[in-house]
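Here's a quick briefing to read alongside the structure. Have the sequence and the 3D view open as you go.

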Amino acid sequence: VLSATSFNPEKYRALLRILLDVYSEKGNVVEILGLYLPAFTTGRCFIPRPPDKPRGEWKAADYDDRKALLANCSLREVLRSFGAESVILWVAVLLKKRVLVYGGDGGDGVARMQRAVRALPQLSFHRGPEAWHALRPLVTCDCADEIADLEAAQGFIAGTVDPDFRSQHASMIDLYVDLAAKTLSVSEHARKDFGMGKMHKAIAAKLVAQSAAASESAAIKTVTQLNLSIITKLKALGQPIASDALKGFCDAQEYTKSESRFMLNFAAGEGML
């Protein structure tokens, strides 16, 4: 098991591959420690390898943590799959809800699910790497530690290929995403926080437009600018935001109760209250 504080699966997979190869060949934890220490202190490690073996060299500098936030996933693909309903995903991620993504039980279910799970934090890209802390890339019903972790989390974006997960743990799920069926299901206990208004309809149209953006980075940039525009309006109300100031702002914008509730929850999620 390799634990790290930054999100970069490709970087740590490469290091783990070296550690695993050495342990498989020698079965000696001292050898592993001898690789771990330079990897941790200098960002590189090396083991001699015969010509017919993969190179036993790893350098952290070869892997950019910022690029890892964009790699091997597609926000445009997610937006195309769910169309105007993508606004529900947007709300869930911004409000730090408990999202379960089901990839299906087919042979490619895990890959399809993890590709989507990895893209969802891009809906809150303005939060930086912290947004990826919510990810739980693969959970199952039969792991007590994983269930306990989800129960303790304020919010999460978890993936599964277990068809029974939703029925067995319905109380901890706010939004269920079925990639195979391309459906989004909001749990009854969370419906108030997913109420929609004209503001959400306009945002839905913008999200649909980004499904055809020229590039992944262009789509992410537009969504980020959308989020920051809301944050700018909220920051103008003062820090922290007083409840009467927020109410006055929502009244001035003629927001519905659902829209006002969203703004309140969004401000709370950004730590602005």
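A quick word on naming: helices here are DSSP runs of H or I with at least four residues, and they're numbered from the N terminus. Keep in mind that this is a predicted model. With that settled, we'll look at a helix with a nonpolar patch, then a loop residue, then the sheet.

- Phe 40 sits in helix α2, which covers residues 29-42.
- Phe 40 counts as exposed because its relative accessible area is 62%, and the cut-off for exposed is over 50%.
- Together with Leu 33, Tyr 36 and Leu 37, Phe 40 makes a nonpolar surface patch of about 430 Å².

- Look for Glu 85 in the loop that runs between α4 (75-82) and α5 (86-94).
- At 38% relative accessible area, Glu 85 is partly exposed.
- Glu 85 and Thr 183 are 98 residues apart along the chain, yet 8.8 Å separates their C-alpha atoms.

**The sheet**
- Thr 183 belongs to β7, where it stands opposite Asp 178.
- Strand β6 (residues 175-178) runs antiparallel to β7, and four bridges join the two.
- Zooming out, the open sheet has five strands, ordered β4-β5-β3-β6-β7, with mixed pairing.
- At the edges are β4 (135-136) and β7 (183-186), each of which pairs on one side only.

Notes. Residues are numbered from 1 along each chain as its sequence is written. This is a predicted model: local features need pLDDT of at least 70, side-chain atom pairs count only at pLDDT 80 or more; totals for chains, interfaces and linings use all residues. Side-chain values use heavy atoms; hydrogens and water are left out. Patches are made of residues with over 30% relative accessible area and no salt bridge: like charges are joined within 9 Å, nonpolar side chains (Val, Leu, Ile, Met, Phe, Trp, Tyr) within 5 Å. Accessible areas come from the Shrake-Rupley method with a 1.4 Å probe; for residues, only the protein chains shown count as cover. A salt bridge is a side-chain nitrogen of Lys or Arg within 4 Å of a carboxyl oxygen of Asp or Glu. Buried means under 20% relative accessible area, exposed over 50%, partly exposed in between (1.4 Å probe, protein chains only). Two strands pair if DSSP finds at least two bridges between them.
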